Amino acid sequence: MSDILKAVKGMNDILPGSVPRKEKLPDSALWQWFEDTVRSVLARYGYQYILTPIVEPTALFVRGLGEVTDIVEKEMYSWHDAMNGDHLTLRPEATAGIVRAMVEHNALYNGPLRLWTLGPMFRHERPQKGRYRQFHQLDVEALGFPGPDVDAELILMVRRLWQELGLVVGQHVRLELNSLGQPEERNAHRAALIAYFQDHAAALDEDARRRLHSNPLRILDTKNPAMQALVEAAPKLIDFLGAESLAHFDAVRRTLDAAGLAYTINPRLVRGMDYYNLTVFEWVTDQLGSQGTVCGGGRYDGLMAQLGGKPAPAVGFGLGVERLLLLIQELGLPVPGGAPDVYAIIPDESVRPQAVATLEALRELGVSVLMHAGGGSMKAQFRRADTSGARFALVFGADEVSNGQVALKSLRDGAGAQSLQPLAAPATWAHLLQSSV
Ligand code: ATP
Ligand code: MG
């Protein structure tokens with residue numbers, strides 16, 4: 001097939017479930033249900049919606065995320081604008097853009113904000129299951145709050161999202177937690193870490209050797225299996241935390257404990273960006289192979305100032321939509337489908353005007369109706385009705401319609417059961433079509 005008829009590598013169409021496809025990807029009904037659930041859960045915690053551009057100045061990400069990070073080193077789609085030479089980048093994550101918007105609009109002037117957005121992000125990675133070049137994130141940020149109260153609120157809000165989506169904590173997903181302390185504490189740890197890795201220089205891979213002096217903490221984030229044992233035994237940041245950092249961590253933990261949320265402390269959890277401090281967390285699953293992190297976040301009190309704004313504390317997370325929906329699909333969790341209540345069969349074009357009038361009346365009453373369009377035999381129309389997933393068919397036969405009636409047929413439970421209903425009074429039978437799923 002010609003190249004213009006192929007999506008760019010690593011970038012995917014999200015399609016209705018009825019379209020057959022090779023790759024494993026979530027279908028659009030699952031996607032919409034997820035969006036609806038997110039909207040409902042986040043509203044219950046008072047989070048407000050924000051939209052920021054997909055393109056930002058490259059320098060925003062370089063300064064915000066840190067030069068020695070996977071994203072800035074090798075994953076960004078960046079270019080010089082042909083018109084004026086501006087250096088621009090497709091956003092690889094949402095936090096930097098939101099923080100830019102906060103500073104630009106002096107948005108925290110009237111107090112702190114709880115915000116969320118959902119949209120495409122771009123990273124030039126090797127595409128594989130759960131890892132794409134265009135992917136989507138739900139991104140949630142609480143700006144202007146020092147914590148630890150909102151840190152715990154964010155984590156518990158994600159737990160509620162899991163509950164509403166049918167995911168069981170402990171079985172399908174689990175929480176890992178760590179504290180990165182403050183910059184001074186990280187510096188002391190960093191010195192110990194460099195000394196440790198220097199003592200084991202021969203065991204370091206190329207990436208690690210390069211990062212030994214520029215960003216040794218990143219070495220702990222390695223995905224190289226050959227380095228796991230070395231990294232496991234490295235000095236732990238948590239042993240370098242002072243009383244204040246420990247108290248902050250402790251408060252988050254006590255709140256989660258009181259809410260009955262189990263977690264493990266993972267001292268190697270450092271996250272991929274430089275801007276984090278204090279609380280960091282990841283929600284992980286064991287059921288997606290090496291793409292096991294479905295949601296990750298933490299506190300980034302220094303980012304606002306680092307980007308040139310007035311200092312303000314903040315905490316947030318990003319959740320990978322494709323990864324999460326793949327997990328839900330793979331577990332086979334029940335998902336409210338996009339099937340209509342009724343499929344309308346109209347075997348005789350002469351009655352279409354009356355049929356359409358009835359269907360409009362049903363929709364007015366809240367019934368979802370899929371009308372057979374384009375003609376065809378009764379048999380062909382019934383086949384479409386079956387594949388639509390509708391629970392009922394309404395058959396507008398010419399004889400019934402001339403008697404002021406329509407046949408209502410059950411397609412699923414008690415398939416074949418039939419009754420005649422008055423065309424003139426849809427309000428008297430519409431409730432039959434909307435009974436429990
Ligand atoms: P990983 O370690 O898997 O590369 P990350 O630390 O780079 O993840 P974050 O930048 O924290 O990921 O992004 C938050 C979430 O976004 C991840 O937990 C994951 O669910 C999702 N995500 C990140 N990169 C991709 C990608 N290339 N394709 C699909 N989802 C992604
Ligand atoms: Mg990554």
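Tutor: A polar contact is a pair of N or O atoms within 3.5 Å. The model is a predicted one, and with that cut-off in hand the ligand site can be read contact by contact. In the side chain of Arg123, a polar atom lies 2.7 Å from an oxygen atom of ligand 1, while the backbone of Tyr132 places a polar atom 2.9 Å from a nitrogen atom of ligand 1. Arg323 takes part through its side chain, where an N or O atom is 3.1 Å from an oxygen atom of ligand 1. On its own, ligand 1 has 580 Å² of accessible area, and the protein covers 91% of that. Strand 6 (134–143), strand 10 (293–299) and strand 11 (314–320) are the elements that each give two or more residues to the shell around the ligand, and strand 10 supplies the largest share, with 3 residues. There are 16 residues around ligand 1, of which Arg123, Glu125, Arg131, Arg271 and Thr293 come nearest. By residue class, the shell around ligand 1 consists of 5 nonpolar, 5 polar and 6 charged residues.

Turning to the helices, two packed helices are described by the angle between their axes and the distance between the axes. Helix 5 (residues 149–165) packs with helix 10 (residues 243–258) at an angle of about 35°, their axes being 9 Å apart, and the crossing is right-handed. From helix 5, Asp151, Ala152, Ile155 and Leu156 meet His248, Val252, Thr255 and Leu256 of helix 10, a set of contact residues that divides into 5 nonpolar, 2 polar and 1 charged.

Another pair is formed by helix 6 (residues 183–199) and helix 7 (residues 206–214), whose axes come within 10 Å and cross at roughly 145°. Here the crossing is left-handed, and Arg190, Ile194, Phe197 and Gln198 in helix 6 meet Leu212, His213 and Ser214 in helix 7. The residues of this contact comprise 3 nonpolar, 3 polar and 1 charged.

As for the backbone, most residues other than glycine have a negative phi, and most peptide bonds are trans. The peptide bond from Gly147 to Pro148 is cis, with omega near 0°, and Pro148 belongs to the loop that runs between strand 6 and helix 5. Asn106, in the loop between helix 4 (95–104) and strand 5 (113–122), has a phi near 45°, which is a positive value in a residue other than glycine.

Key. Residues numbered from 1 in each chain as written. Chains lettered and ligands numbered in written order. Predicted model: local features only at pLDDT ≥ 70, side-chain atom pairs only at ≥ 80, totals over all residues. Heavy atoms only, no water. Near = heavy atom within 4 Å. Polar contact = N/O pair within 3.5 Å; in protein donor to acceptor, adjacent residues only side chain to side chain. Areas by Shrake-Rupley, 256 points an atom, 1.4 Å probe, with all protein chains shown as cover. Helix = DSSP H or I, 4+ residues; strand = E, 2+ residues; numbered from the N terminus. Nonpolar A, V, L, I, M, F, W, Y, C, P; charged D, E, K, R; others polar. Axes fitted to C-alpha atoms, helices over the stretch in contact; angles between N-to-C directions. Left-handed = near helix turned anticlockwise from the far one by under 90°. Contact = heavy atoms within 4.5 Å.
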